[in-house]
Amino acid sequence: GVAARRAGRAGARVSSGGRVVAAVASVAGALALWQIRSVLLLVLGGLLFAIVFSAATRGVQRLTRWPRRVSFVLTVLALAAASVAVLWWVGGELAAQLRDLRQQLPGALDSLRQWLAGTALGSQAIEAIDGLQQWEVPWMRLAGAATLTLGALGNFILMLLLGVFIALEPSVYQRGIVRLVPVVHRPRLSAALEAAAAALAGWLRGQALSMLFVGVATWVGLALLDVPLALILGVLAGILGFIPFFGAIVSGALAVLLAFTQGPQTALYVALIALAIQQVEGNLLMPLVQRWAVQLPPAVGVVSVVVAGGLFGIGGVLLATPLVVVLMVLVRKLYVEGLLEGETAPPEDAEAART
């Protein structure tokens, strides 16, 4: 009896020590991840490109029946050629309009200021803002944020290269991650990674369709109103559509601000067009898109952008939504279904996880 009690106390001490070691390791791992957070964002961006390349490769395979490597090389070359052709076709015009946009913003701000000065509420707002002397700086920062995607060339190229390497042999990286956990947990992790990749691909397809609609509709609407720089504003609206909620606000504000150079009535029409586009996109297009894309609650998307922006900067703002999509799937598969509900992994995934 005495020996059993001593053994029990020794086991309790070992168990307690193991929990302490696990807690310390968890904290150390979290700190290490925090130190390399910028690298993690680059990896996530690379995964997005890898999904695009993989989806295009599957399409080429279905059309040609060629091996995957041959189809992949053909896909990369075709996408590169298409990108060069588009830049050759509209690149010069986009660059000129972007330069004109920067030059016309101060005049647009002056037009908005003059219009506000003619109203009682507007004049009070001008007095309040003049006290802070922030009329020019925030809007110029807004323009810089709107055109940020056209910059940061180094990170973009790095993510593009990561996407190419990951899409070339995705199974190699998946098996490498799965083999980092004990064998008993590998089927569950393998199934979770596949579900996360599928959810991210669905979200990316839906987001691309939404961005295309917003960009084209904005361009056409502004061109019909003879608003200057309609093409670059449409491109910016489409690109900023990648950021939920805030992207629409920034692109709409830029368009309305520039429309003030032609008068408040034109600015009102532009605001109505921007509102109509967002209503069609949010109430008609997105419900159709979400049939194959993951459903992300709007509040979660907004909060994720704010939190990721505060933690990771502008890179976090751009990649907040896909990061949340991946986290939601992993939490559901690994924690909710795996731990709380105790569901078993599909048997076909178990065999693949052992290889």
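The exercises below, each with a worked solution, concern a predicted model.

**Exercise 1.** Work out whether Asp 226 and Leu 229 are buried or exposed.

*Solution.* Begin with the location: Asp 226 is found in the loop between helix 8 (186-224) and helix 9 (230-240), and Leu 229 is placed in the loop between helix 8 and helix 9 as well. Next, take the backbone, where Asp 226 has a positive phi of about 60° although it is not a glycine, and Leu 229 likewise has a positive phi of about 60° without being a glycine. For background, most residues other than glycine have a negative phi. Finally, apply the cut-offs, by which buried means under 20% relative accessible area and exposed over 50%: Asp 226, with 60%, is therefore exposed, whereas Leu 229, at 10%, counts as buried.

**Exercise 2.** Describe the lining of the second largest pocket by class and by helix.

*Solution.* The second largest pocket holds about 1,400 Å³ of space and is lined by 42 residues, with Leu 44, Leu 47, Ile 177, Leu 193 and Val 326 nearest its centre. Sorted by class, the lining has 35 nonpolar, three polar and four charged residues. Sorted by helix, helix 2 gives the most, with eleven residues.

Technical notes. Residues are numbered from 1 along each chain as its sequence is written. This is a predicted model: local features need pLDDT of at least 70, side-chain atom pairs count only at pLDDT 80 or more; totals for chains, interfaces and linings use all residues. Side-chain values use heavy atoms; hydrogens and water are left out. Helices (H or I, at least four residues) and strands (E, at least two) are DSSP runs, numbered from the N terminus. Buried means under 20% relative accessible area, exposed over 50%, partly exposed in between (1.4 Å probe, protein chains only). On a 1 Å grid over the protein atoms alone, a cavity is a set of points where a 1.4 Å probe fits but cannot get out, and a pocket is an open set with protein on both sides within 12 Å along at least five of seven lines; lining residues have an atom within 4 Å of a point. Grid points are joined across faces, edges and corners, and a volume is the space filled by probe spheres set on the points. Ala, Val, Leu, Ile, Met, Phe, Trp, Tyr, Cys and Pro count as nonpolar, Asp, Glu, Lys and Arg as charged, and the others, Gly among them, as polar.
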